[in-house]
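Thanks for coming. I will walk through one model, chain by chain, and stop at a few local features. Please have the sequence and the structure open.

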Amino acid sequence: MTEKISRRDFLRLGAAGAATGVLAGCTSPRRWVVLEPFVRPPEQQVSGVATWFATTCRQCPAGCGVIVRLMNGRAVKLEGNPEHPLNRGKLCARGQAGLQMLYHPDRLSGPLLQSTRGSREFSAIDWNEGINRLFQALAKAGPAVAMLGGATMSDHLFDLFSKLLAAVDAPPPVIYDLYTELGGYRMLAQAMGQVYGRAALPAYRLAEADVVFSFGAEFLGTWTSAVRYGVEYGAFRSQPYGKRGLLVHFEPRQSSTAVTADDYVAIAPGSEGLVAGALLRLIADGNLGLAGRAESARGLAPSLDVEQAARECGLPLEALQRLARRFADAEHAVAIPGGALAGSSNGMHAARAIEALNVVSGNAPAGVNTTPPDLGLARKSLNAFTDVQSLIARMRAGEVQMLLIHSTNPAYELPEAAGFLEALAQVPLVVSFGAMVDETAVWSDLILPDRSYLESFGYEVVSPDFGSPVVSSQQPVVTPVFDARTTGDVLLTVARGIPAAAAAMPWDDEVDYLNQMVAGLPEAAYPASTAEEKRARFQQHGGWWPAPAVAAPTLRPQPFTVTAERATFDGNETDYPYFLHVYPSVLLSDGRGASLPLLQGVPDPMTTIAWQSWVELHPATAERLEIRDGDLLRVTSPHGEIVAAAYVTPGIRPDTVAIPAGQGHQDLGRFARDRGSNVVQLLGAALTDEGGGLRWNGVRVALARTGKRIATASLESKVGVTEGLGYE
Amino acid sequence: MFSSLWWRVGRFARTSPARLFLLAGVVVAGALALSGSAAPAGTTQPIAFNHQVMVQAGVQCLFCHNDALRSPSPGMPSVELCMGCHKTIGAGRPAIKQLADYYARGEPIPWARVNYVPRFVYFSHKVHLTAGGLNCENCHGDVGHMKVVEPVARMSMGWCLDCHSKQTNAPQLRDCVICHR
Amino acid sequence: MSELETRLLDRGQSAAAAPKTELPSHKWTMLIDLDKCTGCNACVVACHVENNVPIRSEREVIRGHGQHWIRIERYWEGEGDAQRATFLPMLCQQCSNAPCEPVCPVYASVHSERENLNLQVYNRCVGTRFCGNNCPYRARQFNWFAPQFEGPITEMLNPDVTVRSGGVMEKCTFCVQRIRRVEEDALVEGRPLRDGEMVPACAQTCPTSAIVFGDRSDPQSQVAQRLGGQREFQVLEHLGTAPNVYYLKAGGSDGGAG
Amino acid sequence: MAEQASLESPVWNRPLPDDPELAAQVREIREKHLLQDARPPREVAEKVLGPMARLGRVFWLALIVLGGLTATWLATWAYQAYQGMGVTGLNRTIMWAPYIVNFVYFIGIGHAGTFISAALRVLKFEWRAPISRAAESLTVFALLVAFTMPLIHMGRVWKFYWMLPFPNQRQLWPNPRSPIFWDMTAIFTYLTCSMLFMYLGILPDIAIAREKASGWRKRLYTVLALGWRGTDREWKHLDTTLNIFSYGIIPVMFSVHTVVSWDFAMTLQPGWNSSIFGPYFVVGALYSGVGAVIIIMAILRKALHLEYFLREEHFNAMGKFLLILSFTWVYFYFNDYLLPWYHKEPILTVIFRLFTSGWAAPLWFTMLIANILIPWATLWSRKVRSSIPALVGVALLVQVGMYIERYLIVAVTLGYPELPFDWAVYVPRLPEILITLGVFAFVVLGITVLSRLVPIIPIWEVVEGQLLQGTRRIGRAIFPAKTEAD
């Protein structure tokens, strides 16, 4: 395939293309423009005609299928893979920006060595030396090796890492990153385990739903599989007239999901569970809705005083009653737990309460009920924050000789209170596989840059899957732009030197490994007779999925109890008058997008601000504190403080301030460095009541003006959109 | 000297205003004449390639420029394609040796452009050869009799429009979107 | 194709007269269902990538030089705490009666009778910015500085789209390069265009399929089918610019709670 | 001609009446009216040519300062062209502002010159004689500057010639539907006419200067005089030509600013697309123009010691002009507000509120005070009109007022398009400021230099006027009157 173009030719092509491309525009023709033919033309390469390759998006853990448009060996456009069962040809903003991951000017070319950590003085070494150092360190450390990975790490890489670690009897990799924590992936899976007996990420079918209650889940922005939910939402809205679905959204802040909802209820932070409980109570007591609903509700409804609950949530009782009736009367009603509740102390309680609503309406989520046929493929399982804490403890205790870090950025993503960096100081050797120098790489000794996902092989078992299991394939679409090497090959090379590992990992490179894995897959939707064809089709179609979506067996909910717990918050009301609402930015997600100009420079949908980070305030709050847009505020929580610019918006509760995650990088390339502030620094390391998640939605903050201002880089005219024509 | 020149001009002009305007006219005309642009000059190629020999040997345009029918760009032959024949044919000649060296080094041959349209003009060989019903010769001249290929036309907008205006569906073919996007 | 090849191969000096293919003209139309728009910005990024639209730095954005061919305009509805945001994707409306065209002194902003589009011929533009002033939608974007694509980012530039230099006006073209590509293919294959064959980058990626694109003159096309409904409206219709972008009103709330 | 007149009873030594009372009257008339106060032609010529050649320290100082500013203008322009238009304060909503404001303003003051000399010539107001050329020179330089403004404003100025109709290989022509095309045409015509008009008027004076001058001036004038010898035939031709021009130029003048107003009136921008803009712009132009002429007159009078030529009567008359134009302008201006205020088109209401109570209020009220309040309050009184400092003060205020008025129309109104999302405010940045300063400097510089190169007072017209003037006695009173032509 494209592997056939030698790197040199590709770069020359690229160079020539780039040169003309930029000179192009409206400048006058240059006689000296040079035509450079291929030395050996790659197959299916017609100059001036696009070729397409299918692979998998790795901008977030969802695993959408993408197809890449190539012109003369250069990737010029990403599009959703229309065949892919998950995203069906669609793609989100972050997915579209993926090409800049590939062509980022600050990507590392070749391994780096850092003499003193944090000095940012790297010395380039060649790959053999880099791999040797890794090998020796690994041989020396033996079982005292630890691995910290992120959810966007391809499953095949996870498999290789686990095999390698197992071979040296080290504990398995810890998979944790801020994105999945903010999405509540692990917590929700656990909740599903308790409700339905199978711990898997739920996927809610909106297409046929007529009423959807979303409890803070920003499923149209960032939550779990935003693209697929977008597709579902489209279908949900275009149902025949009269059956146009009704979407009700509960969240303290107007997210883009809240905006598109028919009813938006600005509930008090952490009260999602309470609302759900109250709804159950009302359905049970009021004997509402279709046959059987009230009965099942009676079995589940927690004991609570509805009026008081309504007061606590911050919406009138009659509104609550109407909503309860709405939900109970709808024949296909769906309740979605997600968003901020995942980080509340009472997250699990809330999740159960909300899932109980689904039990009442008899709509179990997809994804949980699909039991995929045994694919013989390893797949990541996310770890809880507690696992990270124990890893940190081991590091502090000096039990970790060597730490491997791949596709996660703990130095940026973990709250200071977690004490990661202190613990890191106790680790003799830290190896980062980051493609760019990020905050963590700065605190590591050896960087072995991995290739971007558009340059490397892999597979991803899609999760959440919407009914049918999907294995999404990943293949290189261009010849590598930089002298990076796929971590898979690096690991396999290292493994050869370690007998146990060599036995466990008998493949000569990751392509070989992948072929073995694919060979084992059952029959797919597309015809493939020979094993060879199977592999080819796997890559051509962009993955494996069974012919007809296997009919989901109806789930039997386990017996479980719903309790109405109040959320707890750090900091007392007098010193810290405002709730802090943290949310992943639609564009920068948890901060991994901050390195891409395409995501930095595009205005955020709610504030139309680009390149900056901000604090969203209610006008009343702003008036009280005499704050204008752009005023730099000192935001103080019991755990830390940051300085961020104010943005006054009616789209938030007066008792709450909201700060998006994603900005405030010290590193991660020229486009991310030194912009805005990192909200994580306001968080503590406290845990949720159950499930051992990070309690990131449990902090109150105080605001103070610093007296400084910055100009807001927003697209909108604030006067225009707020006063509009009534401007006087 | 300069002042004396002024004096002469003065005297020349004094005799009648008409003469002064004449003077001005001459200057302007000269300026306009100079402002005209020259036709593209010859280009030296990295290898002394001779189209005439190839064509007389019976090699067709499409054999080397084999993308012309399926792509907007005619396609430059890959070094591999050249070597396909020249491994044996004329292997001894200096030019072929150069070619072989490029192939050995795995380097593309940096051919200099001969026929040029600016990058903001989108010309499709495919369309002109198929739906357009044109031949290579119509734009590139009789390459078969050129030792060194030279452009036969200055490929300016007017040149394109002359032909487009002659077609039956001229109004549509004169639409800006046909070439600019 | 074979007879064609023979014709080309016999190197006959007299070019066979062009086959009289009457090129069909189209009414390209975009339909944006505000009930489905979630403001996710996928269209914006897709457009940037497809059309080589430069990303402007923070300093430039602050100075009002932000440059997007399609943008999500966010307005507020209602009063006080009942205020709700609404999204209005704004792009060149491809007016049939475009205010930008007559004012351009050099025909850089011209109407394509063939595609019924407003063209912006970048290489003809001299940058008087008259068109930009006269566009009531402010859909036209001026290159206040020459665009900068750093390092390898130049390699993702789309070769089908001109890279605009500084001092030039640019705007949404309904992905005219894609339109031309499918048309040229259809022409070569001697068949009419199929509905759905031509999809601009924004419509292609829109997760909720809020953006629908097609040829209105083909009564079977999806847009033609969906036009003329209750919710249909056009932005600033009263100005008589006759846009080719139609919007569908959002379904709205049933008198929300809280 | 002077010679012929001097044969019998040369006007400049007509005896005073013996009666002392009548003599006093005659003396008074003579010092009031330039044309009554006849002197021998040579002396008149000397009064003009003398100071013209004497280049004092002040002149050189002015030359350096103004030249410096002009150089800054050109340098800034080069910088802007190299860097891109982004160096200005313009933004994605307000794509026009600083240069177009200057453009409209300078076209405006360009109007007065030709208006005064051509229109007053047609109307046979002899007293205008000494003013006309200063006014014309103002026109020429103002138009030159105005002509550069659209170029400075262009994103790719090096392609400006695409806006001119000339045969080219692209088979493309400029767009006749675009107001800009007609701008170019009208201004170019107007500029050419004004230059020719002025040059023709200068010819005889150049010839006079040629006789008197020596050295490089001599050579220069020899060339410029185009061999003028002052034969009757030449005089006849000159007179006819000037008449033709005077009649021809007036409609052109009206067309120019009307066309300029189309740049705004023919858009969809609320506050611009108003049918009254044509006449409104013309009147506004004359208003600011006459003010500018007053200032130039005062400066020249001081710099070149022209007290003999530019007298109270001239300033007084110009003052009256200014007042009348002020009335007319106000009429149009409030027409332009009355209707919006009546039909309450939303955006116009926004803009109106913005002017009356928004951030633009200070500008707006300054404009009203400078353009209406002060002129109306002062110019009615003859004392003010005839005191040069006072009148110049008012004229300066009118300049400020009219500049702000153009600024409000172009730079502020444009910030409020139909969709509130795009509203914006324009804040000038250094390049615009430097360029604006530079062009003002250039105009003054041009007139300064010109006034030293050619007689800035039309000698022959003054002499001619003096020859035709006399006095008539009715009873015990003496009145200025035309002498019967001999």
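Of the 728 residues in chain A, 63% are buried, a label given to a residue with 20 or more other C-beta atoms within 10 Å of its own; with 12 or fewer a residue is exposed, in between it is partly exposed, and the C-beta atoms are placed from the backbone.

Before I go on, some housekeeping. This is a predicted model, where local features need pLDDT of at least 70 and side-chain atom pairs count only at pLDDT 80 or more, while totals for chains, interfaces and linings use all residues. Residues are numbered from 1 along each chain as its sequence is written, and chains are lettered from A and ligands numbered from 1 in the order in which they are written. The model scores are ipTM 0.90 and pTM 0.90.

Back to chain A. Along the principal axes, the C-alpha atoms of chain A fill a box of roughly 75 × 65 × 60 Å.

Now contacts, meaning two residues whose C-beta atoms, placed from the backbone, lie within 7 Å. Taking the contacts in chain A with a separation of 6 or more, 74% are between residues 24 or more positions apart.

The domain assignment for chain A, which is automatic or from a database, gives domain 1 (2–102), domain 2 (112–179 + 378–471 + 480–540), domain 3 (182–361) and domain 4 (578–726).

One local point in chain A: the peptide bond from A:Ser463 to A:Pro464 is cis, with omega near 0°. A:Pro464 lies in the loop between strand E16 (458–461) and strand E17 (471–474) of chain A.

What does the contact between chain A and chain C take from each chain? Chain A gives 70 residues and chain C gives 61 residues. On the chain A side that touches chain C, 41 residues are nonpolar, 19 polar and 10 charged.

**Chain C**

Chain C has 8 helices and 10 strands, and 62% of its 258 residues count as buried. An open sheet of 4 strands in chain C runs in the order E8-E1-E10-E9, with mixed pairing; two strands pair if DSSP finds at least two bridges between them. The edge strands are E8 (211–215) and E9 (232–233) of chain C, each pairing on one side only. Strand E1 (residues 28–33) of chain C pairs with strand E10 (residues 245–248) of chain C in the parallel sense, over 4 bridges. Within that pairing, C:Leu31 stands opposite C:Tyr246.

In the loop between helix H7 (201–205) and E8 of chain C sits C:Ser209. Its phi is near 55°, a positive value in a residue other than glycine. Is C:Ser209 buried or exposed? C:Ser209 counts as buried because it has 20 C-beta neighbours inside 10 Å.

**Chain D**

Chain D averages a pLDDT of 89, and 97% of its residues score at least 70; pLDDT is the predictor's confidence in each residue, from 0 to 100. Over residues 1–7 of chain D, pLDDT stays under 50.

Strands E1 (residues 469–474) and E2 (residues 477–482) of chain D pair in the antiparallel sense over 6 bridges. The hairpin they form has 2 residues between the strands, and D:Gly475 takes a positive phi near 60° there.

D:His305 is in the loop between helix H10 (277–303) and helix H11 (312–343) of chain D. Its phi is near 50°, and D:His305 counts as partly exposed because it has 13 C-beta neighbours inside 10 Å.

That is where I stop.

Definitions and conventions:
Ala, Val, Leu, Ile, Met, Phe, Trp, Tyr, Cys and Pro count as nonpolar, Asp, Glu, Lys and Arg as charged, and the others, Gly among them, as polar.
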